[in-house]
Amino acid sequence: MFNVHEVPTISYKLLDTNPSWWRRRTTLERTLTLISIVALIAVAALVIALVSVVLSDKHHEVLELPGTAEALGAPPATHIISKHPDIETNEVTSKKDDICLTSECVHTASNVLEALDTSVEPCDDFYNFACGSFLKNTNIPDEKTQVNTFSVIGDKLQIQLKQLITEEPSETVAKPFKLANKLYKACMNKTLIEQKGTQPIVEIAEKLGGWPVIKGDAWDENSWTWQDSVKNFRKYGFSMDYILDFSVGIDLKNSTRRVIDLDQAAIGVSREYLVKGLEDKIVRAYYDYMVDMAVLFGAERTRAVNELRESLQFEIDLANISLPNEKRRNSSALYNPMTIADIQTKYPYVSWLNYINALLPEGLDVDENEIVIVSVPTFFEALGDLIKRTPKRAIANYVMWRIHGFSAFFLTEELRKRQLQYSTVLSGRQEQEPRWKECVDITSGSLPIAVGALYVRKHFQEDDKSKALEMVNGIREEFEKILKEVSWMDEKTREAALNKLHRMTTHIGYPDEIMKDSKLEEYYKDLDIDPDNYLPSILKMSVFGTNYSFNKLRKPFNKTDWLNHAKPAVVNAYYSSIENSIQFPAGILQEKFFSADRPKYMNYGAIGYVIGHEITHGFDDQGRQFDSDGNLVDWWQENTKKAYLEKARCIIEQYGNYTEVLTGLKLNGINTQGENIADNGGIKESYLAYKKWAEKNGPEPRLPGLPYSPQQMFWISAAQTWCSVYRAETLKMRITTGVHSPAEFRVLGPISNMRDFSKDFNCPEGTRMNPIKKCEVW
Ligand SMILES: *[C@@H]1O[C@H](CO)[C@@H](O)[C@H](O)[C@H]1NC(C)=O
Ligand SMILES: *[C@@H]1O[C@H](CO)[C@@H](O)[C@H](O)[C@H]1NC(C)=O
Ligand SMILES: *[C@@H]1O[C@H](CO)[C@@H](O)[C@H](O)[C@H]1NC(C)=O
Ligand SMILES: *[C@@H]1O[C@H](CO)[C@@H](O)[C@H](O)[C@H]1NC(C)=O
Ligand SMILES: *[C@@H]1O[C@H](CO)[C@@H](O)[C@H](O)[C@H]1NC(C)=O
Ligand SMILES: *[C@@H]1O[C@H](CO)[C@@H](O)[C@H](O)[C@H]1NC(C)=O
Ligand SMILES: *[C@@H]1O[C@H](CO)[C@@H](O)[C@H](O)[C@H]1NC(C)=O
Ligand SMILES: [Zn+2]
């Protein structure tokens, strides 16, 4: 994961509330869930995490969370003059007076200059040196939570997608493209949505016995059980995971096979906040939001205040019995296979066989010998008592709140305004996105394969694929050298590591199948969308996605299935530990990340860093738990493992000691270690690969107005890829709940560990960018 898009939860950028849960959902589900949770907050986020629809891969790493996109318009017009760096560098590869003056070079140079702040000493603060002017001159529009490279490209992508989606499809156009057009129309028809009001959800809620806080004394407690409510939610297309999380995933120890997975609940606010209770500002805002929404849906205020206090307590208790993210990084600890008969004995408060068979699609039945994976046994041990001591009415109020909160996003302006107010507390965003942008995001997030097909057919240059692949191969070779050379590995572990690297598969751009209408039609054949019914269409897509994913239970998991790599219209990149694969969708192979027509040092600093990052994920604290086949197998010799954990500890402590200035918060070294290890390895591999490339191909010219050597430009390009401005609220959310360090530290962390950087900029030992103590895993 690189950057942008990873967040699931509420905010956008950064946070994943419950990351592993999130990662395991199907794309569609994720999309929907995100929406609900995030609601207005980050519609764009939805789009982002499109990891894999079919895949249900909880072990999929994203580069970044999705942020929002935002068009910067014209870049700041300052700083065209750059003073020469007073650093003499070893110019191995650059011919001093050779300057590239092609239009692409001029354009690139101008972008670099616009962000650079040469008044900052590079050895003191390289992030501010590379990004200072960008930070000073970038204004975050009211409807956004951050502005960065990802969001800028995302904005451009939105415009391209809008044109493709809104083009009136002719009769003969394949069905998937018509679906996209219909969904967009359903989303855009605000008049019709207002006319229908709350009726679309009220109708369903009635069938489920109603929302107690609204029904008052007329609510029939006796005919309601939480287990029935889950079954109904499944049927109607809502999440099944509000009390406990149920999914069909991949068997981590035999990743050709699928298996049922039970996990802790998918709560509405990150655990980190919820466990603080009502003292916390965000929990308070969540509670107020819940009450106000209930009132808007027809509840009497006093009753809402009282009853929802109890249901919030239930949610807080669910959070409290859940494992914190720090404890969810060890996949073996989360792998607890049990038969249904076992869990029936251990957790008798659910009729498991009945529960599971009701959620599985027709024609799929399990018996009590079926093995399920229980991720967090302690959660299930505590859940029975929690359910027993919580009044039924509080539980009903809670789950009905969740489906109303989810649905509101697809209903009236009045409801959505209140959602926005809540999302402002979470993310700092002040306004809704323009409707068309939201509708593009919903469409491409919900129908990523159809929209992705439209996108690459129109906008992707075929030969970019081979150029990107060349970079992947070069960077991979450098990682191979590192693996061969590190002193702390024993030969057996080294052998296994090399094998894993060799077997890592690469997916670039998009799969060829996406070019064939027949393939797309087959995938979407059971789905219909009614442009006159927005929420019902959303729910239908959700049922479709759930059916699709659950129906795979008995089918082998095909690691190269094109459907798992068919969401090209996203600005992100991935590593999947169960596939042992890296993926670079078409959406990231452009603009600041990659261009075939500019000096290679720019590409190696930008997309090269990303490529190295994804490769290194295969060997971060989580990725290293999986072998070359994507199975959860410990292939590490004891001493080497110890040495690794020691090295990882250095990274944990380095980042754990960084304090972010705007929020005053310290980073979470444990939760961010995987990303940080990937960042450190990634930038190094890419740097070495560029050096190698330059040795082979000769020196590259400079860019006009930029008196820096190619190596220096590599670092500047790498740093500028991360130039980001965040709203304080968003940053806080990212630091508290996210797995990615804030952008600044994705530059400062790796750079201050790299001797080559200090050499290239002549940074004296002891300066901030060249500390004596350095961390290095790879
Ligand atoms: C909204 O839906 C109504 C009812 O189907 C339709 O008459 C109207 O043309 C739609 N408006 C737009 C802008 O599509
Ligand atoms: C993995 O699962 C497949 C299909 O169920 C089975 O044939 C195979 O023996 C399993 N492999 C291992 C190592 O358990
Ligand atoms: C969480 O559970 C523990 C142990 O049951 C309890 O002591 C603590 O007060 C709970 N915290 C919250 C926020 O409910
Ligand atoms: C992961 O969990 C397993 C099983 O609980 C344990 O044996 C192992 O030591 C843990 N690994 C790490 C690195 O903590
Ligand atoms: C989902 O599966 C159920 C049967 O299990 C079926 O009745 C329903 O039509 C399917 N829905 C969609 C949208 O595929
Ligand atoms: C796996 O998927 C790939 C790409 O979609 C396909 O070519 C291949 O035939 C599939 N393999 C199996 C065993 O189905
Ligand atoms: C900060 O660094 C010190 C020494 O390197 C270490 O002991 C401490 O655990 C680190 N703090 C965090 C929060 O990681
Ligand atoms: Zn990552």
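**Getting to know this predicted model**

The protein chain in this predicted model has an average pLDDT of 90, and 88% of its residues score at least 70.

Q: How many contacts beyond four places in sequence does the model have for residues 67-94?
A: Here is another stretch to treat with care: pLDDT stays under 50 over residues 67-94. Beyond four places in sequence, the number of contacts the model has for residues 67-94 is 73.

Q: What share of the protein chain's contacts with a separation of 6 or more joins residues 24 or more positions apart?
A: Let's start with the overall picture: the protein chain has 32 helices and 10 strands. Of its 778 residues, 56% count as buried. Among contacts with a separation of 6 or more, the share from residues 24 or more positions apart is 80%.

Q: How many of the residues of α18 are buried?
A: A residue counts as buried if 20 or more other C-beta atoms lie within 10 Å of its own. By that test α18 is mostly covered. Out of 17 residues in α18, the number buried is 14.

Q: On which residue is the kink in α17 centred?
A: Helix α17 runs over residues 377-389 and reaches 19 Å from its first C-alpha to its last, close to the expected 18 Å. Its buried residues include Phe 379 and Phe 380. The helix also has a kink of about 30°, centred on Leu 383.

Q: Which strand is included in what covers the buried residues of α17?
A: Phe 379, Phe 380 and Leu 383 are buried in α17. What covers the buried residues of this helix includes residues 371-374, which form β6.

Q: How many charged residues are in the shell around ligand 5?
A: Ligand 5 is surrounded by Pro 361, Glu 362, Asp 526, Lys 540, Val 543, Phe 544 and Asn 547. Of these, 3 are nonpolar and 1 is polar. The charged residues number 3.

Q: How many polar residues are in the shell around ligand 7?
A: Around ligand 7 sit Ile 652, Glu 653, Gly 656, Asn 657 and Gly 669. The shell has 1 nonpolar and 1 charged residue, and its polar residues number 3.

Definitions and conventions
Residues numbered from 1 in each chain as written. Chains lettered and ligands numbered in written order. Predicted model: local features only at pLDDT ≥ 70, side-chain atom pairs only at ≥ 80, totals over all residues. Near = placed C-beta within 6 Å. Nonpolar A, V, L, I, M, F, W, Y, C, P; charged D, E, K, R; others polar. Buried ≥ 20, exposed ≤ 12 C-beta atoms within 10 Å, placed from the backbone. Helix = DSSP H or I, 4+ residues; strand = E, 2+ residues; numbered from the N terminus. Expected span 1.5 Å × (residues − 1). Bend = angle between axes of the 7 residues up to and from the residue. Contact = placed C-beta atoms within 7 Å. pLDDT = per-residue confidence, 0-100.
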